[in-house]
Amino acid sequence: MDSEVLQQIRKLSQNYAYTSIQMHEAVARKAGLSGTDHKYLGFLIEKGQMTAGELSTLTGLTTGAVTGLIDRFEKKDLVKRKFAVDDRRKVFIEPNTENIMALLVPLYKDFRARSEKLIASFSKKDLEVLETYFSKAIEIMNETTNELNNK
């Protein structure tokens, strides 16, 4: 591959990542959250109910930091703690999806509409290329994350 093209793609990918962080920080501020708390809500919506330990593993946060995160979410009525019936030491974190969506959907409404319009402008072949790129890039990032976490 031409090194100039590779450099340009890397630069665009980096710019995309930075811009995404900035946008999500802005959304989070409007929602009264920190940027990372906002993204962790996304984990809870995607994965559903989980234990604090599972959330710790997923996010890479310490158990103490997860406790603080859950406390902040609970104060905003975005999650609730549920104790396991068979073991009261085991706590499940249950997202209040209705409240989370009510908080975040209006903040993403315009972005989502504009993104969908952009995606609709691509050919089927273009979309296949994008899907392949993102799928493989996510795989590489997950592998890198796992390698770094296990060193």
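The questions and answers below concern confidence, helices, individual residues and aromatic rings.

Reader: What is the mean pLDDT of the protein chain?

Author: The model is predicted, and pLDDT is the predictor's confidence in each residue, from 0 to 100. In this protein chain, 100% of the residues reach 70 or more. The mean pLDDT of the chain is 93.

Reader: Which element of the protein chain has the highest mean pLDDT?

Author: The lowest mean pLDDT among the elements, 89, belongs to helix α3 (residues 52-59). At the other end, with a mean of 96, stands α5.

Reader: Which domain does UniProt list for residues 2-139?

Author: Over residues 2-139 the chain is 75% helix and 9% strand, with its end C-alpha atoms 24 Å apart. The UniProt entry, which is unreviewed, lists this range as "domain: HTH marR-type".

Reader: How far does helix α1 reach from its first C-alpha to its last?

Author: Helix α1 covers residues 3-31, and thus has 29 residues. At 1.5 Å a residue, the expected span is 42 Å. The reach found in the model is close to that expectation, at 42 Å.

Reader: Against which helices do the buried residues of α1 pack?

Author: In α1, the residues H24, V27, A28 and A31 are buried. An α-helix has 3.6 residues a turn, so residues three or four places apart point the same way. The buried residues of α1 pack against α2 (35-47) and α5 (97-120).

Reader: Is D37 buried or exposed?

Author: D37 lies in helix α2, and its side chain makes a polar contact of 2.8 Å with the side chain of R72. Not counting residues up to four places away in sequence, D37 touches L69, R72 and F73. Its relative accessible area is 6%, and because this is under 20%, D37 is buried.

Reader: With which residues is I45 in contact, leaving aside its neighbours within four places in sequence?

Author: I45 is found in helix α2 and is partly exposed, with a relative accessible area of 32%. The C-alpha atoms of I45 and E4 are separated by 40 Å, and these residues are 41 residues apart along the chain. Leaving aside neighbours within four places in sequence, the contacts of I45 are I100 and M101.

Reader: Why is the pair of Y133 and F134 edge-to-face, and which residues form one aromatic cluster?

Author: The ring centres of Y133 and F134 are 5.3 Å apart. Their planes stand at 70 degrees, which is over 60, so the pair is edge-to-face. Y133 is partly exposed, with a relative accessible area of 40%. The residues that form one aromatic cluster are Y16, Y133 and F134.

Note on methods: Residues are numbered from 1 along each chain as its sequence is written. This is a predicted model: local features need pLDDT of at least 70, side-chain atom pairs count only at pLDDT 80 or more; totals for chains, interfaces and linings use all residues. Side-chain values use heavy atoms; hydrogens and water are left out. Helices (H or I, at least four residues) and strands (E, at least two) are DSSP runs, numbered from the N terminus. The expected span of a helix is 1.5 Å times one less than its number of residues. Buried means under 20% relative accessible area, exposed over 50%, partly exposed in between (1.4 Å probe, protein chains only). Contact means heavy atoms within 4.5 Å. Rings of Phe, Tyr and Trp (its six-membered ring) pair if their centres lie within 6.5 Å; planes under 30 degrees apart count as stacked, over 60 as edge-to-face and the rest as tilted. UniProt positions are given in the numbering used here, feature names are shortened, and annotations may be inferred rather than shown by experiment. A polar contact is a pair of N or O atoms within 3.5 Å; within protein, one must be able to donate a hydrogen and the other to accept it, and residues adjacent in sequence count only if both atoms are side-chain atoms.
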